Amino acid sequence: MMDNLLTDLRQQFPADRIQESASAKAAFQSDGLTAFAVQPRAIIVPRTSDEVVQAVQWCNKHSVPFVARGSGTSLSGGSLPHAEGIVIALNRLNRILSVDLPNRLAVVEPGVINSKLTTAVEHAGLYYAPDPSSQHVCTIGGNVAFNSGGAHCLKYGMTSNHVMAMKMVLGDGEVLQVGPRMGEPLGPDLLGLMVGSEGLLGIALEITVKLMPKPESFHTVLAGYRSLQDAGAAVATIISSGLLPAAMEIMDHLSMQAATAGVGATYPAGVAAVLIVELDGSQEAVAEERILLDRLLAETGATEVIVAANAEERASIWKGRKSVFSAVGRLTPDFIVQDGVVPRSKLGYALQRIEELSQAAGIPVANVFHAGDGNLHPLIMFDGRKAGELHRSEELAAQIVQLCIDLGGSITGEHGVGMEKRQFLAGMFDEASIECMRRVRLACDPLEISNRGKMFPDAEAPSLGMYGLHPLEAAGIASRM
C-alpha cells in the first residue's frame with residue numbers, strides 16, 4: 001500500500017524534491033534526542049510554501065503521517081519521523097520575505113536560521129531577541145513550534161512574545177492566517193494557540209516577527225560562587241530586589257569544564273559555579289543598575305566578579321555559556337538534556353536535590369540553565385556502550401522531571417514534550433484539560449497525521465521509555481544509536 005502511495009507521490013513533485021536513498025533517510029532519522037532513530041519512508045524537500053501545502057494535502061488525502069523538520073535541533077524527539085510517514089524538510093524555505101524597518105517587523109519563511117535574521121537587520125540598529133543556544137543553526141520555524149526561549153528570555157520573553165502573525169497550513173490541508181500583523185488581536189488568541197503546539201496542528205509557512213532596537217549599553221558580569229546552591233540563592237535575591245537583568249545564567253563546575261575544553265573559555269579558579277548576569281538599556285539606566293548589582297553580588301557571597309570590559313569580552317562570556325550543550329561531548333560519550341522548570345524561590349533546593357539524585361545514581365550531572373526563570377537544563381552524562389547505563393540515566397532523568405512537578409514547576413520550559421516527556425503530561429494536567437487539548441488538535445487535524453505520536457500520553461508512538469525496552473524497539477521500528 002505505502003509503496004503504491006510513494007509511486008503516486010513521485011508523480012506529484014519534481015524528482016529533486018523527493019529523497020528516498022538510505023543516506024537521506026539516515027540523515028533524517030533522529031533529531032537532537034539521538035537516543036532513538038526512526039527512518040521515514042521518504043523525505044520531501046519543498047522549495048515554496050505552495051509545495052508545502054501540496055505535500056500536506058497529499059498526506060491528508062492518503063492518511064499518511066508527516067513530520068515537519070528544520071535543522072533537527074529539537075532535544076525532546078519533537079521531529080522524530082514516523083516509520084510509515086514522510087518528513088517535510090523546510091530548510092530550503094529560508095528567505096527573509098520582507099523587512100519593515102519603520103514598524104520594526106520582518107516576515108520570514110520557517111527555514112530561516114535564527115541568528116541570520118539579526119545579521120540582516122543589524123545595519124539598522126535592530127535585532128531579533130529570542131536567542132536559543134543553538135541560534136546559529138536552529139530555524140525560526142522550529143523556534144515557533146516549541147516556543148523557544150534563550151538566555152535573554154528573562155527580560156524579553158519567549159518566541160511567542162515576538163511572533164505577530166503567521167500564515168500556516170493545518171494538518172487537514174487548510175491554509176489560514178492567524179494573528180494581526182499590527183495592532184491588537186480580536187477574538188480567540190489563535191496565534192498563541194499555534195506557537196508552541198509542537199507541530200501537532202500544522203506547519204508555519206510565513207512568520208511575521210517583531211524586531212527590537214539594539215540596547216545602547218551592556219554590562220555583563222561573571223560571578224564565581226563556592227557552591228551551586230549559593231549561586232541559585234543569589235538569583236532569588238537579585239530578582240526580589242526589583243532588578244530585572246536582561247539575562248541570568250548559571251553554570252556548574254562540569255559545565256565550565258566542558259566550555260573550557262570546547263571553546264577555550266576561562267573561569268575563576270576554585271569556584272563550584274558561576275552566575276552570568278547581563279544588564280542592558282540606556283547608559284544612564286545601566287550605570288544605576290550596575291551599582292545595585294555590585295552590592296547584591298557582594299551580599300550573596302560572590303568570591304570573584306569578572307566584568308566584560310568590551311564587546312569582545314562580552315561575546316567570550318556568552319560563547320562559553322552557549323557552547324555547553326555541544327561541548328559536553330568532550331567529557332562524555334552520551335548525555336541526556338532535561339528541560340524542567342521550578343519556581344525561582346525553590347531553585348537552590350532543586351539544585352541540591354539534583355546533586356543528591358546524581359550521587360545516589362552514581363551518574364554525573366552537569367548543570368547549566370536559565371536561572372532567571374528557573375528553567376533547568378541538567379545534562380545527564382553516561383556511556384551508552386556500557387550495558388544498562390542508558391536505562392539508569394533515563395531513570396535519573398525521570399526523577400528530575402518528577403522533582404520539577406513536585407515543586408510546582410513544569411516538565412518543560414522550551415524544549416517541548418515531544419516523545420521524551422509524554423508520560424509526565426498527566427502529572428501537569430488533569431484528564432479534562434488533556435481531553436480539551438485533544439479536541440483542539442482534532443479540529444485542526446482530524447486524522448492526527450501532523451507529527452503523529454507526540455506529546456499525548458497514549459498516542460500511537462509510545463514515549464521514550466524511562467524503564468526498560470522502548471516499545472518502538474520491541475516492534476523493530478526504532479533503534480538506539
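The following conversation concerns strand 13, Ser76 and Leu186 in a predicted model.

Biologist: Is strand 13 enclosed or exposed, and why?
Modeller: The model is predicted. Strand 13, residues 247–252, is largely enclosed by the rest of the structure because six of its six residues are buried.

Biologist: Which residues point which way from strand 13?
Modeller: Ala247, Glu249 and Met251 point one way, while Met248, Ile250 and Asp252 point the other way. The residues on both sides are all buried.

Biologist: In what sense does strand 13 pair with strand 14, and over how many bridges?
Modeller: The pairing with strand 14, residues 273–281, is antiparallel and runs over six bridges. Within it, Asp252 stands opposite Ala273.

Biologist: And in what sense does strand 13 pair with strand 17?
Modeller: Strand 17, residues 365–370, also pairs with strand 13 in the antiparallel sense, over three bridges. There, Ile250 faces Phe369 as its opposite residue.

Biologist: Changing topic, where does Ser76 lie? Is Ser76 buried or exposed?
Modeller: Ser76 belongs to the loop between strand 3 (66–69) and strand 4 (86–89). Its relative accessibility is 0%, so Ser76 counts as buried.

Biologist: Which residues is Ser76 in contact with, leaving aside neighbours within four places in sequence?
Modeller: Ser76 is in contact with Leu33, Phe146, His415, Gly416, Val417, Gly418, Met419 and Glu420.

Biologist: What about Leu186: buried or exposed?
Modeller: Leu186 counts as exposed because its relative accessibility is 81%, and the cut-off for exposed is over 50%. Leu186 sits in the loop between strand 9 (175–178) and helix 7 (190–194).

Biologist: How many residues apart are Leu186 and Arg330 in sequence, and what is their separation in space?
Modeller: Leu186 and Arg330 are 144 residues apart in sequence, and their C-alpha to C-alpha separation is 51 Å.

Note on methods. Residues numbered from 1 in each chain as written. Predicted model: local features only at pLDDT ≥ 70, side-chain atom pairs only at ≥ 80, totals over all residues. Heavy atoms only, no water. Buried < 20%, exposed > 50% of the residue type's maximum accessible area, 1.4 Å probe, protein only. Helix = DSSP H or I, 4+ residues; strand = E, 2+ residues; numbered from the N terminus. Pairing = 2+ DSSP bridges. Contact = heavy atoms within 4.5 Å.
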